[in-house]
Amino acid sequence: MTDVLSTTSDLASTYDAGRAYELDRAHVFHSWSAQAEISPMVITRAEGSHVWDGAGQQYLDFSSQLVFTNLGHQHPRIVAAIQEQAGHLATVAPAFANGTRSEAARLIASHTPGDLDHVFFTNGGADANEHAVRMARLHTGRHKVLTTYRSYHGGTQLAVNMTGDPRRWASDHGSTGTVHFFGPFLYRSAFHATTEAEECQRALEHLEQVVALEGPSTVAAIVLEAIPGTAGIMVPPPGYLAGVREICDRHGIVLVADEVMSGFGRSGRWFAVEHASHGAGVVPDLLTFAKGVNSGYVPLGGVAISDAVHATFAHRSYPGGLTYSGHPLACAAAVATIRTMEDEDVVGRAERLGADVIGPGLAALAAKHDRIGEVRGTGAFWAIELVSDRATREPLAPYGGSSPEMGAIVKGCQERGLLPFVNFNRIHVVPPLTTSDEEVREGLAILDDALAATA
Ligand code: PLP
């Protein structure tokens, strides 16, 4: 540390790992946690796809933290852009125009599909979804929002109400305006389907009925993750998103694609709505993003807005804003991230990583370990579903909970130098898109060992 940061700087005292831990437990209130029951790992250093803890142990990061370090840690171009921006103009309020923000918006608009050419910047994904819904409500004059079970849309109030995973349970007091429906998920089909085609058709018929029974003229928006991420990386069957688009068009409903986790190359396309299997040409009316837009180096999210929704606010003031909307440091990181992705074909790299290394590697693990019930994913966006019995598909941990078996697998991975992303009975394999084939194989070998050791 001392070679890159002065020992007399304001930060010098923060490099001591023991002190960092003590002060954390004394003063830092952690997300989604019982405060007295946690023991957070102190991360003191990171580089590429690796992080180091306070004791100097190295870990391969198969989680991309919270699926956001898409270009890995300490990427020199992103770090340099932030430093250059900080030295030049560290901050400016959103009402002013600024070159870095304008360029970030241009770059984002150049990669979003269709006419999603206008960008409202937020601080992250939850507030992006809040604003997308506000825009949809004002655009349609309607109030209801339909979202899927098995989804995550963020931790702010509306975003958590929209969420279809157990994190909603404690905070949603049966709020009006948000209605959940089942998206397609063949492995645990809500429709007793046995093929992808059946699942797709029944899921669309179900959504059609939900819209009809809620009253189409009351529904402002359907909000869904193009590929649900935290809830299990369920790649939808061919035709599903195209079918949702058609339902929205027929009823004048705004389609919001939440690409906070799936966007910016994670799925092997710039955006997950682009997968041909979804029905090529599915363009949502609003698309929310965060995380990968700048690899999470400085908080940034946003809503990409179609011409039609944008026109609603041409002569009508948009009633919303954020002090740090389009913060120059965050936008500088976005400019460097997106240009690097373009220059190095990072999206193609993610696609190949999935097709050639992660997918076949996980399939090989499934052939060896009975506890792997299903392998699914695309690009650098994969999950394995762990079960105690392949025939009954009994999850190795309950929905919304943990189990000693899952705990032992995670511990086994960490002891061997791997940081997995774990959710209930699932392990997600979501490394930085820049992780080398060898590093991915090394991580899969550790997972293999941890599964074998805990069988
Ligand atoms: N939407 C999706 C699909 C997400 O995965 C997340 C976070 O994981 C969010 C929204 C919330 O984003 P943030 O935590 O930046 O508010």
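**Ligand shell, core and domains of the predicted model**

Helix H5 (residues 125-140) contributes the most to the shell around the ligand, with three residues; helices (H or I, at least four residues) and strands (E, at least two) are DSSP runs numbered from the N terminus. The model is predicted, and local features need pLDDT of at least 70, side-chain atom pairs count only at pLDDT 80 or more, and totals for chains, interfaces and linings use all residues. Residues are numbered from 1 along each chain as its sequence is written.

The ligand is surrounded by 16 residues, of which the closest are Gly124, Gly125, Ala126, Gly154 and Val260; a residue is near a molecule if its C-beta atom, placed from the backbone, lies within 6 Å of it. The shell comprises six nonpolar, eight polar and two charged residues. Here Ala, Val, Leu, Ile, Met, Phe, Trp, Tyr, Cys and Pro count as nonpolar, Asp, Glu, Lys and Arg as charged, and the others, Gly among them, as polar.

The domain assignment of the protein chain gives domain 1 (18-74 + 346-454) and domain 2 (77-344), with bounds from an automatic or database domain assignment. Their centres, taken over C-alpha atoms, are separated by 25 Å. The contact takes 29 residues from each of domain 1 and domain 2, two residues being in contact if their C-beta atoms, placed from the backbone, lie within 7 Å. On the side of domain 1 that touches domain 2, the largest share, five residues, comes from helix H11 (346-368).

The largest nonpolar core has 119 residues, and Ala221, Val254, Leu286 and Ala333 touch the most other members. Such a core is a set of buried Ala, Val, Leu, Ile, Met, Phe, Trp, Tyr and Cys residues joined through C-beta atoms within 7 Å. A residue is buried if 20 or more other C-beta atoms lie within 10 Å of its own, exposed if 12 or fewer, and partly exposed in between, with C-beta atoms placed from the backbone. Helix H10 (residues 328-343) gives the most to this core, with ten residues.

Strand S7 (residues 219-225) has seven of its seven residues buried, so S7 is largely enclosed by the rest of the structure. S7 pairs in the parallel sense with strand S5 (residues 144-148) over four bridges and with strand S8 (residues 254-258) over five bridges; two strands pair if DSSP finds at least two bridges between them. Thr147 stands opposite Val223 in S7, and Ala221 opposite Val254 in S8.
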